[in-house]
Amino acid sequence: MTSPQPIEPSSLTELHAANSVLDDPAALATRHQQEGCLFIRSAIDPGALVDVADQAVAVLERWGVARRADGVRATGAPLPSVDPAELQGVPALAALADQIAAGTDPIGPVVARAFGCPTALWPGARLHVAFPGDPERVTPPHQDSAALDWIGDYRRFWIALGEIPFGDGGLGLAAGSHRYRRLRLDELLDGNWCTAAMSTGDLLAFDLNLVHRSLPATSDRVRLALTVVASAQWDPRPAVAAEDAGQLQLGRCEQEAFPFGGPAG
């Protein structure tokens, strides 16, 4: 697949936060049915994510590809030959995975409010990193559902681990595209994309059939995010996901979890 076409920030539509209807399950359900996504500001206490973010950035600094300066900035150094699993193995991420398994994590309550019903987080959590100046690794439009046998109501929860200015390397969502169910790769064309300026702890929740993509960076900022996947409590997970303690790899966005190669391909 060819690299996605550049997107001008002026062509992006701003997502409206769903915070005002978080305590209205019917309104949340209607918005999800219509748009396939929810944007929740300050969903997670930034203090609960600081160790994950700090340890991830420390790995990138050790690799020589990032530095801390008004956020996390790319150094411009070439991507090294490293073990990408090191990024996914930071102790704070493992601790968060243990909390998820025990049901004591800070994400589960937000997930339940977004669903409007009892939910279950799938095992594990994953870091995603996107670098500027690397168009070949801008994740193209895709659906995460392509990796699953569709059984129930599954959603990805994408949580910012730093400041993401509007249109600067964030996530682009094609609101409403989930209604078309699965699409062929040649149907996942660039179209109208929604996004939002995000801060640490802000969250995007979206249906696994929703077409989404990463947006090219417009500055030297490195974008860091954390994802989990959840389902309604009464919907069974696919067998492969239930057996995968490290969380099933879903869709092409997993290449951001392994930015220098590795299991995601």
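**Close-up views of a predicted model**

**View 1. Helices α2 and α4 cross here.** In this predicted model, helix α2 (residues 50-63) and helix α4 (residues 91-102) have axes that come within 7 Å and cross at roughly 145°. Axes are lines fitted to C-alpha atoms, for helices over the stretch in contact, with angles running from 0 to 180 degrees between N-to-C directions. Look for Asp51, Val52 and Gln55 in α2, which meet Pro91, Ala92 and Leu93 in α4; contact means heavy atoms within 4.5 Å. By class, this contact has 4 nonpolar, 1 polar and 1 charged residues. Here Ala, Val, Leu, Ile, Met, Phe, Trp, Tyr, Cys and Pro count as nonpolar, Asp, Glu, Lys and Arg as charged, and the others, Gly among them, as polar.

View 2. Strand β7 (residues 154-160) is largely enclosed by the rest of the structure, because 7 of its 7 residues are buried. Buried means under 20% relative accessible area, exposed over 50%, and partly exposed in between (1.4 Å probe, protein chains only). Tyr154, Arg156, Trp158 and Ala160 point one way from β7, while Arg155, Phe157 and Ile159 point the other way. With strand β12 (residues 223-232), β7 pairs in the antiparallel sense over 7 bridges, and Phe157 stands opposite Val228 in β12. Strand β10 (residues 203-207) also runs antiparallel to β7, joined to it by 5 bridges; here Ile159 stands opposite Leu203. Two strands pair if DSSP finds at least two bridges between them.

**View 3. Two loop residues with positive phi.** Ser42, in the loop between β2 (37-40) and α2, has a phi near 50°, a positive value in a residue other than glycine. Ser42 counts as exposed because its relative accessibility is 62%. Asp70 sits in the loop between β3 (66-68) and β4 (72-74), and its phi is near 55°, again positive in a residue other than glycine. With 63% relative accessibility, Asp70 counts as exposed too.

**View 4. The chain behind the close-ups.** The chain holds 6 helices and 12 strands; helices (H or I, at least four residues) and strands (E, at least two) are DSSP runs, numbered from the N terminus. Of its 265 residues, 51% are buried.

**Notes for all views.** Residues are numbered from 1 along each chain as its sequence is written, and side-chain values use heavy atoms, leaving out hydrogens and water. Local features need pLDDT of at least 70 and side-chain atom pairs count only at pLDDT 80 or more, while totals for chains, interfaces and linings use all residues.
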